[in-house]
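Hello,

Here is the structure I promised to pass on. Please open it first, then read my notes below.

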Amino acid sequence: MLNQTNLNIPLDREGEEPIYRQLIRFIRMQIESGNLTAGARLPASRDLARQLNISRISVVNAYAELRAQGYLSAHAGRGTFVSGETSTPPPTSQHSNGGGLAPEIPGTPDRSLREMMRLAQKPGVISFSRGAAPTEFFPVHSLRDAMNAVLDRDGSAALGYEAREGYGPLRAAVRDYVSALGIQCNADQVLVTGGTQQALDLVIQALLSEGEVVVTENPTYLGMIDIARARRVQLHGISMDEDGIRLDELENYIIDNNPRLIYVMPTFQNPTAAVMPLHRRRQLLNLANDYNIPILEDAVYHEFRFEGEAVPPLKALDESGIVIHASGFTKMLLPGIRIGYLISDNRHYERIVRVKYAADISTPGLNQRAIHLMLESGVLAQQLERNTRELLRRRDAAVSAARKYFPPGSHWNVPEGGMYMWMNLPKHGPSAAELYVTAVQMGVAYAIGSVFYTNSCGSHRLRINISTQKPAEIEEGFRRLGRAWRELACDYADIDKAGLL
Ligand SMILES: Cc1ncc(COP(=O)(O)O)c(C=O)c1O
């Protein structure tokens with residue numbers, strides 16, 4: 001049985017790991033090791049905060065997350081208890097660092113914040129946290145028609161192994177499609193992939209060996225952080241300014257560290273929605289050519305522009321073939337059908353195709369053929385037009401709700417395209433991670449900004465996917481977010497007065 005006064009938690013007050021995460025880790029370990037048994041009562045949050053000389057919010061958030069994970073339960077008026085019959089780990093035991101998971105690669109962020117973001121799946125929560133387009137955007141009927149037409153036309157030929165480079169007519173259609181964006185290529189430079197994600201992964205596998213370095217924007221796409229971790233390559237983030245990746249810092253890094261690849265999202269970067277202007281694109285290409293380092297361009301949001309003038313993709317400006325261009329018909333059309341592509345010159349193409357073949361032999365032929373028909377029949381063009389119109393409506397709703405409800409001292413971008421609003425909370429209040437549990441309890445969720453950084457900074461940043469909710473829900477969600485912040489900020493002030501911060 002736990003003696004409240006003896007819950008002696010060793011805390012690293014100078015380290016990078018937030019205090020509340022240290023609490024979660026410690027209490028979980030105590031439960032999993034049997035030191036804290038089912039039914040043990042934990043100290044009240046106020047008492048534990050006082051005893052450890054930390055913010056009460058840290059304790060409240062730690063208890064809330066442990067409750068959500070099934071380790072603890074709360075009984076009104078009686079306190080917080082270790083749940084379950086025994087000390088065996090609850091079903092969410094993947095939170096433990098054991099379990100045979102590969103050790104973390106230095107420089108890649110901790111998983112626990114991302115696990116915490118699963119709380120967003122609670123019913124009734126207005127969630128802005130995911131990276132997906134809303135399901136009501138999906139052209140379900142057009143897909144059904146396309147699938148039926150393919151099966152009627154091709155029969156079993158649509159169901160065998162497809163050519164490893166992709167279905168020929170789709171490769172040609174991709175060539176034509178990207179030529180409208182200014183990219184000149186042949187169909188035999190196009191490789192059809194399982195979504196953009198696989199295109200990125202194949203390039204990393206084909207071009208880098210274990211331990212080598214890919215440089216990227218900081219913050220960057222979470223999926224690339226995952227790939228780097230899985231493929232055991234190092235990911236190094238370079239700071240951004242309003243024009244994208246900073247080239248002075250990049251060049252210094254290149255000189256000192258000889259990275260093998262530069263990975264960037266020049267248009268509507270995830271998570272910041274930043275767009276790299278033309279002059280910076282040209283400078284980046286010059287730099288890559290000077291040092292002979294290939295660029296992997298992720299253009300998955302390129303066509304999601306609802307305002308302002310389009311800037312050509314890097315690949316459209318590339319005269320030497322140094323750019324590998326990756327994108328897909330996922331965000332724009334159907335994420336679950338998993339059709340992406342990459343465009344590469346001969347230098348890397350064959351090697352990438354071999355990795356693709358080893359990964360999955362080929363991308364499903366039925367899906368490729370259906371997407372091909374949808375491209376040819378103009379469904380993609382219609383979808384894009386309709387979706388960008390609706391995205392603009394949602395962006396406007398988000399901007400006006402942000403002005404109304406976000407706390408004074410917070411900042412956010414007004415995106416011209418893409419799906420994200422990138423927000424900065426006032427420094428004097430709770431961090432995005434500290435706010436998270438209260439926000440979810442009040443019925444709103446977002447992506448905690450620090451998960452997108454390669455070096456765990458961005459504590460007061462959050463990413464809001466403005467595409468997933470309709471304007472009325474955006475208004476209500478932002479109202480809840482503002483209320484959660486105010487409630488927590490009040491607690492901060494109270495605790496501050498009590499000398500506990
Ligand atoms: C920047 C970026 N690249 C790639 C992907 C993966 O997209 P796909 O569904 O095409 O694999 C995503 C998805 O969120 C993304 O945000």
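**What I found**

Strand S14 (residues 420-424) pairs with strand S17 (residues 461-465), antiparallel, over 5 bridges. One of the pairs to look at is Met421, whose bridge partner in S17 is Ile464. Keep in mind throughout that this is a predicted model.

S14 and S17 belong to an open sheet of 4 strands. The order is S13-S14-S17-S16, and the pairing is antiparallel. Which strands stand at the edges? They are S13 (411-412) and S16 (447-448). Each has a single partner strand, so one side of each is left without a neighbour in the sheet.

**Strand S12**

Next, go to strand S12 (residues 339-343). Here 5 of the 5 residues are buried, so the strand is largely enclosed by the rest of the structure. Both of its faces are covered. Ile339, Tyr341 and Ile343 lie on one side, with Gly340 and Leu342 on the other.

S12 has pairing partners that you can trace. Strand S5 (residues 190-194) runs antiparallel to S12, and 5 bridges join them. Leu191 has Leu342 as its bridge partner in S12. Strand S11 (residues 323-328) is also antiparallel to S12, with 4 bridges.

**The ligand**

Now the ligand. There are 14 residues around the ligand. Which of them come nearest? Gly131, Gly195, Thr196, Gln197 and Thr330 do. By type, the shell divides into 4 nonpolar, 9 polar and 1 charged. Helix H7 (residues 195-207) gives the most to this shell, with 3 residues.

**Leu488**

Last, a single residue. Leu488 is found in helix H16 (residues 471-497). Is Leu488 buried or exposed? It has 21 other C-beta atoms within 10 Å. The cut-off for a buried residue is 20 or more, so Leu488 counts as buried.

What is Leu488 in contact with, leaving aside its neighbours within four places in sequence? The contacts are Ile57, Pro430, Glu434, Leu435 and Thr438. Phe452 is another matter: Leu488 and Phe452 are 36 residues apart in sequence and 24 Å apart in space, C-alpha to C-alpha.

Best wishes

Note on methods: Residues numbered from 1 in each chain as written. Predicted model: local features only at pLDDT ≥ 70, side-chain atom pairs only at ≥ 80, totals over all residues. Near = placed C-beta within 6 Å. Helix = DSSP H or I, 4+ residues; strand = E, 2+ residues; numbered from the N terminus. Nonpolar A, V, L, I, M, F, W, Y, C, P; charged D, E, K, R; others polar. Pairing = 2+ DSSP bridges. Buried ≥ 20, exposed ≤ 12 C-beta atoms within 10 Å, placed from the backbone. Contact = placed C-beta atoms within 7 Å.
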